[in-house]
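Subject: Structure handover and notes

Hello,

Here is the structure you will be working with. Please keep it open while you read the notes below it.

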Amino acid sequence: MGKLLESIMLDFIEPCTADFNRVKFHAIFDKDISEIFPYLNAQMKSAIYNVSSNSLTFKKEFRLITLHPTKLSVSKAINEFDAYEIMDMVMELVNSTYDSKSNITPLYERRANPSTIEVYKYLPKTNCKSCGCATCLSFAAKMIAGEYKINHCKTIFIEGYEEQKEKLLDMAQTFGWD
């Protein structure tokens, strides 16, 4: 198997400013990995590839992971043990993608998550509150933020909303939402 990365070294770890119960950390790659970003972007439907800043960002559950050419930045990790697990996962992801890049068509475009309004247009717009939100628009905002899943909307799963449900499920898959 071809390897791009041999090691990732933890640079620093500190309390996360976004969530005080979690940590953020930076780690250093032993090589510049920017050549693999377009291939990762093609493979990871939920990744955001920013060509201008030469970075690739994705979520793993609640963690926000950003790959830079020579470093890794992660926020909302659980603890130091979790940081090392994420570093191992990133090394495996980079190396397996590098190994199979001849079978991947690179994607150089930046994917953008849909807006709250784009999600809202496929919701039932009944404002039934059964999901726990006051309005379908607030549900859409929580869905975009990753706080709610599509299955929290009970109405979308009843008869008559099949097309909207399919569109929302497609969005969820494309953007890596649960």
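The notes below go from the whole chain to single residues.

This is a predicted model, in which local features need pLDDT of at least 70 and side-chain atom pairs count only at pLDDT 80 or more, while totals for chains, interfaces and linings use all residues. Residues are numbered from 1 along each chain as its sequence is written, and side-chain values use heavy atoms, with hydrogens and water left out.

Overall layout

The chain has five helices and six strands. Both are DSSP runs numbered from the N terminus, with at least four residues (H or I) for a helix and at least two (E) for a strand. In sequence order the pattern is β-β-α-β-β-β-β-α-α-α-α. The C-alpha trace spans about 55 × 40 × 30 Å along its principal axes.

Of the 178 residues in the chain, 39% are buried. Buried stands for under 20% relative accessible area, exposed for over 50%, and partly exposed for what lies in between (1.4 Å probe, protein chains only). Among contacts with a separation of 6 or more, 58% come from residues 24 or more positions apart; a contact means heavy atoms within 4.5 Å. The chain exposes about 9,900 Å², and carbon and sulfur atoms supply 51% of that area. Accessible areas come from the Shrake-Rupley method with a 1.4 Å probe, and for residues only the protein chains shown count as cover.

Charges and salt bridges

There are 21 positive and 23 negative charges, and their mean positions are 6 Å apart. Lys and Arg count as positive and Asp and Glu as negative, with His and the chain ends not counted. Each charge is placed at NZ of Lys, CZ of Arg, CG of Asp or CD of Glu.

A salt bridge is a side-chain nitrogen of Lys or Arg within 4 Å of a carboxyl oxygen of Asp or Glu. By this rule the count is seven salt bridges. One of them joins Glu35 and Lys101, at 3.1 Å from N to O. This pair links distant parts of the chain, 66 residues apart: Glu35 is in the loop between strand E2 (23-29) and H1, and Lys101 is in the loop between helix H2 (80-99) and H3. Glu35 is partly exposed at 41% relative accessible area, and Lys101 is partly exposed at 25%.

Asp30 pairs with Lys31 in a salt bridge whose closest N and O atoms are 3.7 Å apart. Asp30 is partly exposed, with a relative accessible area of 35%, and Lys31 is also partly exposed, at 34%.

Glu147 and Lys142 form another salt bridge, with 3.5 Å between the closest N and O atoms. Glu147 is exposed at 53% relative accessibility, whereas Lys142 is partly exposed at 30%. Salt bridges that share partners also join Glu61, Arg63 and Asp82 into one network.

Glu159, Glu162, Glu163, Glu166 and Asp170 form a negative surface patch. Patches take residues with over 30% relative accessible area and no salt bridge, joining like charges within 9 Å and nonpolar side chains (Val, Leu, Ile, Met, Phe, Trp, Tyr) within 5 Å. Asp170 sits in helix H5 (residues 162-174) and is partly exposed, at 42%.

Lys165 also lies in helix H5. Lys165 is buried yet has no salt bridge, and the nearest side chain of opposite charge, Glu166, is 4.1 Å away. Leaving aside residues up to four places away in sequence, Lys165 touches Ile156 and Phe157.

Ala42

Ala42 is in helix H1 (residues 37-43) and counts as buried, at 16% relative accessibility. The C-alpha atoms of Ala42 and Leu107 are separated by 4.9 Å, although the two residues are 65 residues apart along the chain. With residues up to four places away not counted, Ala42 touches Ile104, Thr105, Pro106, Leu107 and Arg111.

Positive phi

Most residues other than glycine have a negative phi. Glu61 has a positive phi near 55 degrees. Glu61 is in the loop between strand E4 (55-60) and strand E5 (63-67), and is exposed at 57%. Lys129 has a positive phi of about 70 degrees and is not a glycine. Lys129 is in the loop between helix H3 (116-120) and helix H4 (136-144), and is exposed at 53%.

Regards
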